[in-house]
Protein chains: 2
Amino acid sequence: MGKLITMLFLLLYLGIHGTLRSQDQDISKMHNPAKEIIVDGLSRPWSMAFLSEEEVLLSEKDGDLLFINIHTKEKRPIKGFPQDRFDTLLYVKENFKPLTFPASLPDSTKVTFNAGILEVVLDPDFKNNRQVYMSYVARGEGGTTTKVIRAELRNDSLTQIRPLFVATPFSEGLFHYGGGITFGPDGKLYITVGERVFNELDEPALPVAQDVTDRRGKIYRLNPDGSIPDDNPDFGPDAVPGIYALGIRAAQGITLQPNTGKIWFSEHGTRQGDEINILRPGNNYGWPVVTSGGYRSSEYQPPTIEGVEFANPVWYWLQTVAPTGLCFYTGNEFPSWKNNLIVPGLSRGSLWRVRVEGETVKSMEELFVDDRERSRKAVMSPKGKLYILTEDLENRTNGKIVRIKPE
Amino acid sequence: MGKLITMLFLLLYLGIHGTLRSQDQDISKMHNPAKEIIVDGLSRPWSMAFLSEEEVLLSEKDGDLLFINIHTKEKRPIKGFPQDRFDTLLYVKENFKPLTFPASLPDSTKVTFNAGILEVVLDPDFKNNRQVYMSYVARGEGGTTTKVIRAELRNDSLTQIRPLFVATPFSEGLFHYGGGITFGPDGKLYITVGERVFNELDEPALPVAQDVTDRRGKIYRLNPDGSIPDDNPDFGPDAVPGIYALGIRAAQGITLQPNTGKIWFSEHGTRQGDEINILRPGNNYGWPVVTSGGYRSSEYQPPTIEGVEFANPVWYWLQTVAPTGLCFYTGNEFPSWKNNLIVPGLSRGSLWRVRVEGETVKSMEELFVDDRERSRKAVMSPKGKLYILTEDLENRTNGKIVRIKPE
């Protein structure tokens with residue numbers, strides 16, 4: 001009898017509320033994102049540049065620079081990529097290790113696999129000059145480092161390749177290259193270079209990222225031809241050319257905020273300490289002297305550096321996110337996302353929508369928490385559609401171009 | 001010269017994009033939440049029930065049951081609250097300790113201050129029967145416990161007070177009372193009771209929350225008069241009356257999902273392990289045998305309990321949130337929030353918007369990350385306005401009713 005009454009109550013209740021329900025859901029669905037797989041089977045996609053609304057250049061970290069038509073799905077490699085590139089596949093091949101990355105390899109080995117082709121960015125005047133800017137991990141004497149080139153794209157080939165920047169010295173270990181590139185509102189190239197130190201106990205007395213005579217652990221500002229702008233900040237006579245900011249650990253994502261002309265970048269911490277920062281000339285972002293997270297070794301005591309003001313991040317997470325290729329949402333499909341920052345994360349596979357007002361983060365939304373993929377890059381198409389590059393969470397295979405659209 | 005060119009580029013850039021900017025912001029502001037302080041100076045507000053769109057009953061944990069007109073700001077205490085109530089102020093007074101909570105008190109003392117008046121809920125037929133349901137911390141022989149009463153509200157007084165439930169035994173320590181109450185779609189009362197164990201090393205062999213002969217650490221289902229529904233799940237002949245689910249550590253928030261009739265509740269973990277769960281008859285939520293977080297002591301080894309299936313949470317955080325009085329957003333002011341779960345958090349001061357589809361969390365947004373307050377309760381007004389109850393993050397003073405509205 002009790003059960004019967006309960007059921008009648010429930011039916012009555014659902015009856016009253018059921019009519020409202022479908023209408024409510026229609027309204028809210030306009031704001032809910034869904035994924036559409038555009039292309040899959042890619043080899044760890046890192047970056048993507050739109051040649052048109054349907055044609056892209058896509059860099060596979062463990063693969064090729066590709067031309068892809070995301071409408072017809074036509075895909076072909078771009079020929080002529082420099083032979084000094086180095087990546088995980090080459091590493092495994094040369095070391096006669098089976099390619100079972102990452103599950104069966106020890107942790108110390110896993111983390112080294114950051115090498116490969118990284119960023120691909122078009123010249124603002126690409127239509128006329130066909131110039132493409134790319135970063136990748138190059139091999140040289142003593143190891144590898146981050147290298148930036150530009151080339152003309154003609155008939156599916158890179159031609160007239162010109163090295164713009166090599167973050168010497170070449171060093172051991174395949175981690176923390178940075179490699180993010182964006183054009184500023186001033187027509188200059190902004191480039192992130194990681195510090196290439198895995199354990200802080202291996203830092204020299206003056207840590208790499210704090211040492212202006214060392215190219216690693218910095219952000220650079222170059223003219224598109226690789227020359228140094230004459231209005232770069234002054235780091236003294238011993239500084240390597242082109243430094244724009246220092247104290248960088250492993251920044252990958254760097255992007256222009258369209259409505260302000262500011263440049264924002266993401267930064268990987270060691271233990272937590274994943275950050276979002278705003279780039280300013282001459283800034284010191286503190287690594288490893290100060291961090292919003294912890295160090296790999298609890299024994300590490302960072303040195304004190306006198307008379308330096310360290311820039312605070314705009315945001316840091318309390319959990320590990322491994323934020324990467326961020327971009328600002330400039331589309332109209334999600335009206336409430338306008339001018340929000342979209343931040344993909346590698347760790348656990350995450351995608352964040354960050355509402356910013358001025359330089360303040362107002363709210364943080366983690367999207368697709370029920371459908372996690374390692375997310376490397378968020379890119380807006382010319383017409384304002386949002387795409388992300390992902391790979392499977394567990395085995396890092398099956399790289400994809402995914403469109404994020406309203407349900 | 002370089003600087004001049006840079007400035008011209010920047011001006012040109014901002015000129016082109018500036019015209020778009022104000023229009024973009026108008027669109028997005030329709031979706032951005034802002035806080036409006038409605039009433040402040042409250043003493044740790046815990047719950048609020050709407051008598052009308054403008055009149056509320058509000059429970060102060062360290063204060064009174066209050067009548068407040070949120071339009072005129074008129075405020076007056078409701079007379080007749082039972083004298084067996086116990087709270088922090090009484091504790092401090094009786095122990096001759098200065099009331100400098102919490103900064104100057106040791107950690108072990110701080111965490112004990114959960115006592116006071118907790119939930120206040122109106123009868124669905126309040127207009128006719130004037131019945132109010134309240135939970136509070138009552139003093140008895142051997143300590144304190146969670147008590148639920150109902151009373152008639154007449155002329156600003158509680159009359160005909162009737163105890164519905166006392167979570168005996170009374171025990172030491174002023175923590176983990178639970179105290180959440182909601183009406184189900186079946187017209188029954190659902191009540192959360194915490195397990196009252198601060199350190200898991202103090203658990204008996206059969207942990208409190210797993211022991212059906214102990215009233216603590218359970219969720220109850222009662223008729224509004226306190227009697228036991230005859231269709232409650234059967235936990236055996238030794239079980240205390242009224243148990244609906246077990247394995248509860250410190251659940252405070254419990255709420256009805258209007259469009260499904262399901263009941264959702266929040267749960268505090270010890271070290272992380274903060275959860276959102278869906279209530280089902282007979283479920284065992286696992287504490288302390290299984291948890292999505294850690295234990296207070298790393299030495300604690302939970303017992304194995306054979307033949308029991310533990311219910312998984314719908315969501316758990318990787319950071320400490322201390323989620324409390326959640327509710328579903330049923331308003332129209334934020335179209336994209338429709339049917340989302342709003343979850344206030346005490347730790348660090350947080351407020352979460354959780355988009356759910358069925359029983360799956362699709363996305364998690366942390367709101368007001370630049371304006372943190374300890375948030376205890378989210379409540380929808382009859383006409384669909386969202387209010388939260390807060391207190392200052394640092395010293396837990398200046399309790400407020402805050403309205404969340406579009407910018």
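Strands here are DSSP runs of E with at least two residues, and helices are runs of H or I with at least four, both numbered from the N terminus.

## About the model

This is a predicted model, where local features need pLDDT of at least 70, side-chain atom pairs count only at pLDDT 80 or more, and totals for chains, interfaces and linings use all residues. Residues are numbered from 1 along each chain as its sequence is written, chains are lettered from A in the order in which they are written, and side-chain values use heavy atoms, without hydrogens and water.

## The largest cavity

A cavity is a set of points on a 1 Å grid over the protein atoms alone where a 1.4 Å probe fits but cannot get out, and its lining residues have an atom within 4 Å of a point. The count comes to 6 cavities of 30 Å³ or more.

The largest has a volume of about 140 Å³, taken as the space filled by probe spheres set on the points. Its lining has 20 residues, with A:Ser336, A:Arg353, A:Glu365, B:Ser336 and B:Arg353 nearest the centre. Strands S20 (350-357) and S21 (360-367) of chain A and of chain B each supply at least two lining residues.

## The second largest cavity

The second largest cavity has a volume of about 80 Å³. Its lining has 13 residues, and B:Glu267, B:Glu275, B:Tyr285, B:Trp287 and B:Thr291 are the closest to its centre. In chain B, strand S15 (263-267) and strand S16 (275-278) each give at least two residues to this lining.

Technical notes. On a 1 Å grid over the protein atoms alone, a cavity is a set of points where a 1.4 Å probe fits but cannot get out, and a pocket is an open set with protein on both sides within 12 Å along at least five of seven lines; lining residues have an atom within 4 Å of a point.
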